[in-house]
Structures are given as C-alpha cells and as structure tokens.
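Here is a short report for a first look at this structure. Start with the sheet, then turn to the cores.

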Amino acid sequence: MVARRRRLRKRRSGSESEGLWKAGLIAAVACALFAGGAWIYMAAASANPKIDPVTLCPAEGPTGVAAVLIDTTDTLSPVQRLDVLNKLRGLREELPRGWLVAIYPVKSTPEQPPRASLSLCNPGRGEGLSQLTSNPALVEKRWREAFDTPLQDLLGSLVAAGQGTSSPIMETIQSVAVTEFGDPDKKPLPKRLVLVSDMLQYSQKLSQYNSAKAFGDFARTDAYRSLKSDLRDVDVEILYVSRANQERRQNADHIAFWTDFFADEGASISRIVRIFG
C-alpha cells in the first residue's frame with residue numbers, strides 16, 4: 001500500500017514538472033514572438049516616419065535646412081547650365097532624409113518678404129529599405145514624383161532664366177537668413193546655404209562693378225550695417241559662375257571679399273566651386 005502511494009506521488013510530481021516545463025516553453029515562445037513583433041513595429045516606424053503630405057517634412061519638423069539661392073539676374077551659357085544642374089543634383093544626393101530644401105531666386109527687385117519658389121523636405125528613397133518593414137517601391141515613387149521631379153523642373157527653369165538690371169545678392173541673403181534660418185523652430189538645426197552666382201553685387205548699397213572695395217572698408221559703412229544678417233553656424237557653398245568679360249573683377253580679391261563677408265556674418269565657407277564655360 002505504501003509503495004503504491006509512493007508511485008502515485010512520483011507520477012503526480014512528474015506530471016507537474018512536465019506541465020511546468022510546457023508552460024515555461026509557451027511563455028518563452030510568447031515572449032519571443034512579442035519581442036519580435038515589437039522589433040518589427042519599431043523598425044517599421046523608423047523606416048516609415050510620419051510625414052506631412054504637403055511639405056513632405058517629418059511630423060515633428062525638418063531635421064535640417066538647406067537654402068539654395070540661384071542668381072537669375074544674368075544668363076548662363078549652355079555649358080554652365082549643364083554644369084550647375086549636375087552639381088545641384090549632387091546636392092540633392094547629399095541631402096539627408098528629413099532635411100528641408102528651400103529654393104530662392106535672386107531677382108533684380110527682391111520680394112518682401114521673400115517667398116521660396118519651392119520648399120520641400122526630402123522624404124527619403126526606397127533604396128536600402130527592407131520589404132519586411134516597408135514598401136521600398138512605394139517610398140521611391142513618392143520621392144520621385146512628390147520631391148525630385150518638382151525640384152529638378154524648378155532648378156531647370158531658374159538656371160535657364162537670366163537678365164536683370166541689378167543683382168542684389170546681399171539683400172537676398174539677408175532676407176533668406178531671416179526667413180529660413182531665423183525661424184525659432186529651425187535655430188537649433190544644421191543649416192546650409194548654397195549660392196549659384198557670379199557673386200558680383202550690384203545694387204544701390206554696393207556695386208562691385210564700380211568699386212573694388214575690400215570688405216574691411218565696406219564693413220565700416222552704413223550700407224553694410226543695413227545689410228548685415230545672422231548666419232551663425234551656417235555652412236556656405238558657392239557655385240561661382242565665371243564671366244568671360246569679368247576676369248579683372250572675379251579675382252582673388254573678390255573671393256577674399258566674400259570669404260570675409262561670410263566670416264563676419266558668422267558663417268563658414270565649406271567650398272567654392274568655379275563654374276566655367
């Protein structure tokens with residue numbers, strides 16, 4: 001009788017252990033599935049952030065700002081147009097996802113306040129995305145149709161434009177600095193300023209056609225004080241359009257003038273690229 005009771009206890013103990021082991025296995029599998037589901041959800045959220053359907057910017061705002069100023073007051077040769085467009089396409093490739101690109105023309109009569117011809121964020125491309133967490137083909141289609149095509153069309157039209165009675169480069173820089181970089185929501189963001197121009201300022205405040213004044217001299221004038229802007233922490237790139245008949249003005253002193261100008265405004269020039277042709 002005692003032996004039988006012992007056998008019954010052993011059977012019960014074995015059954016309970018087996019039940020506990022199965023329950024533990026089920027719990028472990030459930031945890032793994034939950035963790036895997038959570039990872040997929042987080043990966044999908046990271047790969048497909050919510051964006052504004054109009055601006056294409058992230059729901060929480062752009063992650064950086066690139067303002068592109070294109071001087072439309074003088075014409076470019078066909079070779080120069082092609083060179084500029086190729087380099088601006090390079091800028092497009094460098095632009096991180098979430099960055100805002102704002103295109104402004106430099107006009108003979110600047111608009112007050114200035115209005116961007118285009119202001120869109122790079123929504124990101126489909127290349128490199130996992131089919132498990134996103135739809136790469138759909139993401140690429142959105143990038144191409146909503147961002148890249150309008151951008152390329154506008155750049156092509158602005159680069160083809162030309163001829164004006166003045167070239168208020170500094171005035172346009174000041175206006176864009178206030179509009180794009182002065183926005184409190186954009187202050188902490190990384191910022192870039194790209195200029196496509198021969199950089200020959202021609203307005204009532206300063207004419208570099210009539211004067212080869214060094215920046216140090218110009219900086220002491222009321223004209224400069226009225227044109228000064230805040231470009232702190234802005235990275236500047238100049239696509240410096242060479243003019244066949246302006247060699248004596250577009251020289252080392254001219255580049256030094258603009259280098260000192262941007263340094264005084266708090267910016268730094270990352271590169272100056274000559275556009276020949």
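## Strands and sheet

Strands β5 and β6 run parallel and are joined by 7 bridges. Strands here are DSSP runs (E, at least two residues), helices are runs of H or I with at least four, and both are numbered from the N terminus. Tyr-240 has Arg-274 of β6 as its bridge partner.

The open sheet has 6 strands, in the order β3-β2-β1-β4-β5-β6, with mixed pairing. Two strands pair if DSSP finds at least two bridges between them. From one strand to the next, the twist averages 15 degrees.

## Basis of the model

This is a predicted model: local features need pLDDT of at least 70, side-chain atom pairs count only at pLDDT 80 or more, and totals for chains, interfaces and linings use all residues. Residues are numbered from 1 along each chain as its sequence is written, and side-chain values use heavy atoms, leaving out hydrogens and water.

## Nonpolar cores

The largest nonpolar core has 35 residues. Such a core is a set of buried Ala, Val, Leu, Ile, Met, Phe, Trp, Tyr and Cys residues joined through side-chain atoms within 4.5 Å. Buried means under 20% relative accessible area (1.4 Å probe, protein chains only). Among the residues with the most contacts inside this core are Leu-69, Phe-218 and Trp-258. Helix α4 gives the largest share, 6 residues.

Trp-258 touches residues including Ile-169, Met-199 and Ile-269 (heavy atoms within 4.5 Å), not counting residues up to four places away in sequence. A second, separate core of 27 residues includes Ala-66, Trp-143, Phe-147 and Leu-158.

Methods. Buried means under 20% relative accessible area, exposed over 50%, partly exposed in between (1.4 Å probe, protein chains only). Axes are lines fitted to C-alpha atoms, for helices over the stretch in contact, and angles run from 0 to 180 degrees between N-to-C directions.
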